[in-house]
Amino acid sequence: MALDIRSTIVIAAILALIIGISLRFVLRDYPAPLRASLRLWMSGTLLLPTGWMVYALRDAIPDVLSIVVANGLLGLAFARLVEAVRSFAGLPRRRLLSLLPVLLILACETAFTYIEPSHRLGAASVSAIIGLQLAIAVWVLIVHGERMRSRLLTVIAFAALSAALLLRAASTFVPGFENSGPFAPGFMQSIAFGLGAAFPMAASLGFLLMCNERLTRSLAQKEKHLRAIADNLPAVVAYIDTDERFTFANSYFARMLGVDARWIVGRRLSDVVGRTFCDALKSHMAAARRGETVTFETECDFRDEHRYFEAACVPDFDARRAVRGFFVLIFEVSRLERAKQQLARLAQTDPLTGLANRKKFGEALAGALARAERSGDAVGVLYVDVDRFKPINDTYGHAVGDAVLCEFARRLQADLRAGDLAARMGGDEFAILVENVESMDALEAIATKLLAAFERDIVVDPLALTVGASIGIALSRRGLGADALLREADAGLYEAKLAGRNTVRIARRAPVPEAPRAPIPFRTGRHRSP
């Protein structure tokens, strides 16, 4: 059954126009790497209905338009489609490949319409040129195209129309063809124009399937890369929906929990990390559900170890700006936190004896006096100096001197109450802070106990060294500042040294100044006689 060729051409033009316009709206949804190929395909698809409609108007418009221009437009349309396939395959653009078929079609149609009129040769040349164009596209798809199932439909569409046009070109040499018109019904005419009408829909569908498959592969590859990055980050990376269920968890998180990452997905937060940790995060998750980005620090006991974490919750919005979940990023900073704590301890600790240093003692004394001011209790300070330390240090060297100081500090600390603070103030001088002191007699009792602790020799193999302690004590009273209290204890120590060492002296109390303009610093270093 022969087709009505003119009607088939009109239908083909309408279908190609609809597909070309549809591609214009689809184009913006594709990423930039695919847009170049899709733009070429869209322009070729839109040129097809233009050429066909001009061709269908044959006998109504001049031959130069209906024959030469119409076939030139069709040649350009197919050239753009072939160029789109080449671009998709990653081949460089060749303008000559696009222009050469058009120039050949224009030359042949001009020659066989005006110079040597021959409908047979004109139809054969145009069919052969376009058929070869389409064959090039088939070759590109097979040789240079990706191994994807979606290309099959595009290959079939190009190959079928190419074969039909090449057969039509060959059939023009069959006797009797010369008397046929361009719209005359016939088997090859029906095949060629029927496939031409179906080509835009089949080829465009195949090309879009190819683009979609590449896009899907690209997204899968990117997801794989992102997954690899997330899995190798030294941090917890997860996604939690509004029902507090995990939809993603990286391998680091799974390794921390000792489970497979797939076990985490789909489970509620409380089932994975426990109710205690979940409660600690509740306020932060509530803020994330309100659309706020939250960063915070937290700590917890995990696997028999106290750990520290820095975390962030970043909300994820849908197209209507409604929160549909949130990303969770958690870094374990336990080592950093412990290092900071160690540095803080070192900043307030004497490196030789391990006691508090002058800075720590000053801060503790100021705090104790502030508390005593509110409660009405008293605070005591004992200022202690090692007797006969200088001759030991000068005679036996600093190593022995350091050993003596360490043992002195150990005995000092051993004879104090749990809440008392001992500090090395510098050199061979130490201080003791005693809170909630009942009376001066209680302070004297502590000092006397300390003197007894230093009556035993300090042994630094092979030496047995005799040292003692001189102690000055002072008791706080309302209005007396830290500097003044230390000066009183220091004055008591000086009196103990003058009294012959290895003794305790209570400093004479100085009047409390009403409004001192500036604190008077106590002495930080003395050169007392040994």
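UniProt positions are given in the numbering used here, feature names are shortened, and annotations may be inferred rather than shown by experiment. The structure is a predicted model, in which local features need pLDDT of at least 70 and side-chain atom pairs count only at pLDDT 80 or more, while totals for chains, interfaces and linings use all residues. Residues are numbered from 1 along each chain as its sequence is written, and side-chain values use heavy atoms, with hydrogens and water left out.

**View 1. The protein chain is divided into three parts: domain 1 (5-223), domain 2 (233-343) and domain 3 (348-506).** The domain bounds come from an automatic or database domain assignment. Between the C-alpha centres of domain 2 and domain 3 the distance is 49 Å. The unreviewed UniProt entry places the feature "domain: PAS" at residues 222-267. This span is 48% helix and 22% strand, and its end C-alpha atoms lie 26 Å apart. Helices (H or I, at least four residues) and strands (E, at least two) are DSSP runs, numbered from the N terminus.

**View 2. Residues 64-84 and 191-211 are among the stretches that the unreviewed UniProt entry annotates as "transmembrane region".** The annotation also covers residues 6-26, 38-58, 96-115, 121-143 and 152-171. Residues 64-84 are 100% helix and 0% strand, with end C-alpha atoms 29 Å apart. Residues 191-211 are likewise 100% helix and 0% strand, and their end C-alpha atoms lie 29 Å apart.

**View 3. The largest nonpolar core contains 54 residues.** Such a core is a set of buried Ala, Val, Leu, Ile, Met, Phe, Trp, Tyr and Cys residues joined through side-chain atoms within 4.5 Å. Buried means under 20% relative accessible area, exposed over 50%, and partly exposed in between (1.4 Å probe, protein chains only). Trp41, Phe158 and Phe199 have the most contacts inside this core. At least two core residues come from each of α1 (5-26), α2 (32-56), α3 (63-88), α4 (95-115), α5 (119-143), α6 (151-171) and α7 (187-232). The greatest contribution, 11 residues, is that of α2. Beyond its neighbours within four places in sequence, Trp41 is in contact (heavy atoms within 4.5 Å) with residues including Leu23, Leu81, Phe158 and Phe207. Another core, of 35 residues, lies apart from this one and has Ile432, Ile458, Val467 and Ile471 among its members.

**View 4. Arg80 belongs to helix α3.** Its relative accessible area is 26%, so Arg80 is partly exposed. Not counting residues up to four places away in sequence, Arg80 touches Leu40, Ser43, Gly44, Leu47 and Arg93. Arg80 and Ala32 are 48 residues apart along the chain, and their C-alpha atoms are separated by 19 Å.

**View 5. An open sheet is formed by five strands in the order β2-β1-β5-β4-β3, with antiparallel pairing.** Two strands pair if DSSP finds at least two bridges between them. At the edges are β2 (246-249) and β3 (294-301), each of which pairs on one side only. From one strand to the next, the twist averages 25°. Eight bridges connect β3 with β4 (residues 306-317) in the antiparallel sense, and Val294 has Cys313 in β4 as its bridge partner. Helix α11 (residues 275-289) lies across β3, β4 and β5 (323-332), at about 170° to β3. Axes are lines fitted to C-alpha atoms, for helices over the stretch in contact, and angles run from 0 to 180 degrees between N-to-C directions.

**View 6. Strand β11 (residues 468-475) is largely enclosed by the rest of the structure, because eight of its eight residues are buried.** Gly468, Ser470, Gly472 and Ala474 point one way from β11, while Ala469, Ile471, Ile473 and Leu475 point the other way. β11 pairs with β6 (residues 378-387) in the antiparallel sense over eight bridges, where the bridge partner of Gly380 is Leu475. With β12 (residues 504-506), β11 runs parallel and is joined by three bridges; Ile473 stands opposite Ile506.

**View 7. Strands β7 and β8 form a hairpin with two residues between them.** β7 (residues 421-426) and β8 run antiparallel and are joined by five bridges, with Glu429 in β8 as the bridge partner of Gly426. In the turn, Gly427 has a positive phi of about 60°. Glu438 lies in the loop between β8 (429-437) and α16 (440-453). Glu438 is exposed, with a relative accessible area of 76%.
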